[in-house]
Amino acid sequence: METSLQEQLKGWRQQLHRNPETGFEEVQTSEYVAKILKTLRYEVHRNIGGTGLVANLKVGDGKRVIGLRAEMDALNITENAPNRPYASCTPGKMHACGHDGHMAMILGAAQLLSERRNFDGTVRIIFQPAEEHGRGAKAMIADGLFERFPVDAIFGAHNMPGMPAGSFSTRAGGIMASEDNFVIHIKGVGTHAARPHMGVDPIVIASQIVLGLQTIISRNLDPSLSAVISCTEVITDGLRNVIPSNVVIKGDTRSYSPDVQRLLSTRMREVSEGVCRMHGVECDFEYTHEFVPTVNTPELVEVAVTAAANVAGAKNVDANVAPMMISEDFGAFLQVVPGNFIFIGNGIATDKGGIPLHNAQYDFNDDILSVGSQYFAELARLALLER
């Protein structure tokens with residue numbers, strides 16, 4: 001059965017990889033997984049929070065209910081894998097984060113649970129849209145996800161390049177950070193590049209702001225706390241021989257507590273507006289909250305660790321991994337119901353799972369599909385035991 005399951009999982013995963021869809025546009029993806037779940041005799045409910053779906057399977061008379069969640073969306077990245085036989089067929093879009101693999105693993109778990117029927121209670125398979133921009137979980141919650149389909153606990157996972165293939169890592173408490181986005185619009189005075197004294201150069205001002213923002217972490221934040229400020233885009237309306245009138249700086253911050261978020265927002269605004277005032281120009285500062293931190297429920301971490309050890313061996317499970325500054329909107333679910341999020345190693349070699357997430361050459365490692373499916377199936381069995 002193991003060989004046939006692995007081939008089935010690869011077929012699902014590679015088909016999903018060929019046909020990526022981005023946030024809230026996962027119409028064909030949702031249809032594809034719904035058809036599979038119906039063949040597995042799950043009761044399927046569509047169009048929750050947009051393209052999201054929930055599939056239910058009840059066995060026995062147990063009252064407990066748990067959710068297993070996978071994300072459906074891809075990224076607006078052009079795949080750079082000309083020799084990959086299952087490369088994206090959609091120009092400008094690809095599964096560069098492994099959500100195709102997560103879906104296949106959850107489908108595999110759904111199949112195992114349907115075949116084994118070795119649990120007592122209800123399993124809800126949750127396929128979520130629009131994770132990449134932090135809106136899908138909130139959309140499903142706002143659409144009554146947990147009122148219509150209540151759960152006692154919810155579980156998710158993400159592959160992690162750089163971790164040994166098929167290994168597991170989790171921790172109690174905060175495991176992934178919040179993400180806040182910022183936009184700083186500097187309104188200078190454009191002029192000919194040969195006559196800079198006739199204008200006010202917003203590129204120079206922007207450069208001072210970027211450097212000034214880097215001092216916030218090192219000089220305003222308690223060194224025992226974690227945070228990151230990253231300026232990721234600088235956009236101007238200038239030309240080779242034209243000093244621009246406008247510069248826009250975009251980026252994000254990562255942290256773990258509301259107090260740190262407030263500090264970053266306040267100091268970034270003060271630095272940006274202060275530098276602009278010094279040069280006599282206007283500054284528009286915008287700061288928005290996109291992802292909340294992902295905070296695991298301690299008693300459910302124990303269940304997840306036991307399930308992972310049962311399928312992968314205790315030596316391949318880290319129960320106290322260091323928190324990471326990446327963000328995941330699974331955290332929004334954990335603000336409403338208890339649960340656990342775990343990392344599954346995608347591989348350490350660049351030719352087999354080690355290429356970073358969000359890279360145009362990234363690929364999910366099919367070798368970990370089976371262990372991932374086995375993990376979720378075992379997790380469901382354990383989580384549904386009466387406590």
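**View 1. Division of the protein into domain 1 and domain 2.** The model is predicted. Between the C-alpha centres of domain 1 and domain 2 the separation is 36 Å. Nine residues from domain 1 and nine residues from domain 2 make up the contact.

**View 2. Area buried between domain 1 and domain 2.** Accessible area lost when parts come together is often used to give the size of an interface. Here the buried area is about 660 Å², and carbon and sulfur atoms give 61% of that area. On the side of domain 1, Pro293, Met325 and Ser327 lose the most area to domain 2; together they account for 79% of what that side buries.

View 3. The side of domain 1 that touches domain 2 has six nonpolar, two polar and one charged residues.

**View 4. The largest nonpolar core.** This core has 61 residues, and those with the most contacts inside it are Leu37, Tyr42, Leu68, Ile125 and Phe127.

**View 5. Surroundings of Leu68.** Leaving aside residues up to four places away in sequence, Leu68 touches Ile106, Leu113, Val123, Arg124, Ile125, Ile126, Phe155, Phe376 and Ala380.

Technical notes:
Residues numbered from 1 in each chain as written. Predicted model: local features only at pLDDT ≥ 70, side-chain atom pairs only at ≥ 80, totals over all residues. Heavy atoms only, no water. Core = buried A, V, L, I, M, F, W, Y, C linked by side-chain atoms within 4.5 Å. Buried < 20%, exposed > 50% of the residue type's maximum accessible area, 1.4 Å probe, protein only. Contact = heavy atoms within 4.5 Å. Domains from an automatic or database assignment. Buried area = accessible area lost by both parts, 1.4 Å probe. Nonpolar A, V, L, I, M, F, W, Y, C, P; charged D, E, K, R; others polar.
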